[in-house]
Amino acid sequence: MRLMLRFFGFLFAVGTILFLVGVAGVAGMMWHYSKDLPDYSQLQDYEPPVMTRVHAADGSLVAEYARERRLYLPIQAVPKRVIHAFLSAEDKNFYEHGGLDFTGMVRAGVLYAQQYGTGRRPQGASTITQQVAKNFLLTNEVSFNRKIKEALLSMKIERAYTKDKILELYLNEIYLGFSAYGIAAASLLYFDKSVHELTIAEAAYLAALPKAPSTLHPFRQRERATERRNYVIDRMVENGYVKPEEGEAAKKLPLAVTARTTGSHIFAGEFFAEEVRREIYDRYGEKKLYEGGLSVRTTLDPKLQQLARKALVDGMIRYDERAGYRGAIQKLDISGDWGVKLAEVKALSDIGWKMAVVLETSDQSARIGFQPTREPGGAVVRERRVGIVPLDGVKWAKPASGPQRGRVPTKVNQVLEAGDVIYVEPLEAKDGQEAQYRLRQIPEISGAITVMDPWTGRVLAMVGGFSFDQSQFNRATQALRQPGSSFKPFVYAAALDNGYTPSTVVMDSPLSIDQGPGAGVWTPQNYSAGKFYGPQTLRFGIEHSRNVMTVRLAQDVGMPLIAEYAKRFGVYDDLPPYLSFALGAGETTTLRMTAAYSMFANGGRRIKPTLIDRIQDRYGHTIYKHDQRECRGCDADRWANQPEPTLIDKREQVIDPMTAYQITSMMEGVVQRGTATVIRDVGKPVAGKTGTTNDEKDAWFVGFSPDIAVGVYLGFDKPKPMGRGSTGGQLAAPIVRDFLKAALADKPAVPFRVPAGIKLIRIDPKSGMRAGPGSERVILEAFKPGTAPPDSYSVVGYSESGERSFEPAGGPQPSAAPQPQPTFVNPLERLFRPGLGGLH
């Protein structure tokens, strides 16, 4: 008995020693590995990279920008179904263990032993807390050291943070494939829906992804992905989160993944979205743009954006098709499977046309095969779709060169050949007929359109070219082009602001200006070369875009003053004081011109064009807003019969509101009687001005209704003549007409606002004098207080001798050469010396 006691005593002593040594060893090991553990307290202030989202004015999504596509969701916003799916897939004992799931480790080990050699996937034993420790604080190194550190950090994290905080970090950090980080972004990218809309099957599939998103790809590994999804559903049933019958129904569903686009989410909004991206980048930098989680509310009106794009594209196509057909995009060998070969040809994805290859032709039609789509995995689909191009679909395609140039084709095979790669657009379907298509070609001409709210400067729509996929160069903001005669209203505004009236008469007759030594004599010409109208009112000069009249007016007003007005309106930063610049020889953009015309529309208030209304940070705090007007009374806590809130507008007055109205009224005449009569079809009050540069290299129209301003420019990216007659009135104005007809279709015909003090007086538009009882034509002209139509006739730029000397900007120069007496069109009966009427 004594020996027995000694033996047990010995065992106890040895066991105690071994236990103490073990405890000391474990303690030493923990101390050793704890020395250089990362600081887990940083998790408290963790701000993961979150995508920036850009929205239109109506809240619809325009674009998203991110390196890691992540939307951060607090745990309170995560549906229980999603939480249950991830707990079932990753860590069903999450809310019971203290960071390490020893039961799970034993179960995983036993299961691994039982399934050894079967090839089945072993069950993991890492807890969600361990994955948080690894993902946030450690590397992916596979080593014993890393596993020990992971376990130690897990226990520390469990003591420092609540279970919900740990789960929140995990659900927002995990990578789930498709460039998606976190469940919110994954739900959008895989299923195009929010996490609150996920079904059992969809939540289970997302929960299956963290272990191996690439090997569970929904298209390339569909069977394996479905099997893993069903495994998660079974675990949800086993854990009591889902009823058995619900689980069985969910397992029978196909893996219906609808991959969501990650580019611009509004058709035709690519140029606008890219301009917003550049502005955010310039304002906040690259890191804030791609990781800051900004919420950007833009000024974009999706409806107007699509109308603007259609109007611009239709205008470019009209010009391009008049020039003729330039031939196929390329030739393709159609022997064998033509679909695979055609799928390799790069097609523009944002133009709404279909790419096709001609399979066979005849006199009356051509059979075409359409470019096949690709499966999400990248493989070309097997289906081959075909269609017909009838003779009516190619009649526009006159050869652009060669002996048949300009001749209307009478047979389809005169235009198309087998193997031609082309673009087509559906023709209107007729009952009982096979789908038919119209031949299209990518226009060579380029252009831009800008649509703006003239009262605030908010850019409602912007299109910078035919196709963003073809060229990302934004011609609305980046293309510096001469505005031609569309600059003239600023010359006239300077005159009206400094004593002139719309009925002031200026001489439209030949003019030569000695520009000084070495510069020679400049003889400005009207577009209708050799045709002059003699003495005419300022209104006539702007309505009919008379160049010589504008130059005479600029001489009298002075180019330094005109340069100041151009800067004041934001057209140019520094306009050289040379007379040719009065005719729009400087370079500017459609955005600047549209903003400048907006100041005429809004009564002369300065506006700053903007594409962004408001920017909020990831916490919802507003860090930028465009509208800086003071709102008095907007901060009231409750309604107590106080006066209504009012906006205090402290914006600078660029010109007199009465001058702005006079110019607006004169530019209404451009539409009613002048160079833009095509816009009368809109049927609503519209004012504006055409512009055409030398050799018809640029065509412009900039105009506005009382509540919307539009600027259009057309021209080649590498400037070259567009052909005789390619004026702003012929090319650009019809685009504005088409846009405004659609944009204002459901709007009432609101007249332009007449400012207080303006007098509307009946005048004779020929002489600018008061209309008498026998006047054939009468218009209402706007006059400021203290001004009126002249009682006697006077002419700017004319003397009895037919001669006048001028001092061009820059100092006195030799006098102009004597002016020959012109032959006038519609001459007035008498001319008086300058000086009568109180102006000159």
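The protein contains 21 helices and 27 strands, where helices (H or I, at least four residues) and strands (E, at least two) are DSSP runs numbered from the N terminus. The model is a predicted one, in which local features need pLDDT of at least 70 and side-chain atom pairs count only at pLDDT 80 or more, while totals for chains, interfaces and linings use all residues. Residues are numbered from 1 along each chain as its sequence is written, and side-chain values use heavy atoms, with hydrogens and water left out.

Of the 840 residues in the protein, 50% are buried (under 20% relative accessible area, with exposed meaning over 50% and partly exposed in between; 1.4 Å probe, protein chains only).

Strand β1 (residues 52-55) runs antiparallel to its partner β2, with four bridges in the pairing, and T52 stands opposite Y65 in β2.

Turning to helix packing, α9 (residues 222-238) and α10 (residues 244-252) have axes that come within 9 Å and cross at roughly 175°. Here axes are lines fitted to C-alpha atoms, for helices over the stretch in contact, and angles run from 0 to 180 degrees between N-to-C directions. The two helices, α9 and α10, are therefore roughly antiparallel (over 145 degrees). On the α9 side the contact involves R229, N230, I233, D234 and V237, and on the α10 side P244, G247, A250 and K251. These contact residues comprise four nonpolar, two polar and three charged, with Ala, Val, Leu, Ile, Met, Phe, Trp, Tyr, Cys and Pro counted as nonpolar, Asp, Glu, Lys and Arg as charged, and the others, Gly among them, as polar.

The largest has 87 residues, of which F487, F490, F569, F600 and F704 touch the most other members. Helix α19 (residues 590-601) gives the most to this core, with eight residues. Leaving aside neighbours within four places in sequence, F569 is in contact with F490, A596, M599, F600, V654 and I655. Another core, of 55 residues, lies apart from the largest one and includes V78, L87, A185 and V257.

Conventions:
Two strands pair if DSSP finds at least two bridges between them. Angles under 35 degrees count as roughly parallel, over 145 as roughly antiparallel, 65 to 115 as roughly perpendicular and the rest as oblique. Contact means heavy atoms within 4.5 Å. A nonpolar core is a set of buried Ala, Val, Leu, Ile, Met, Phe, Trp, Tyr and Cys residues joined through side-chain atoms within 4.5 Å.
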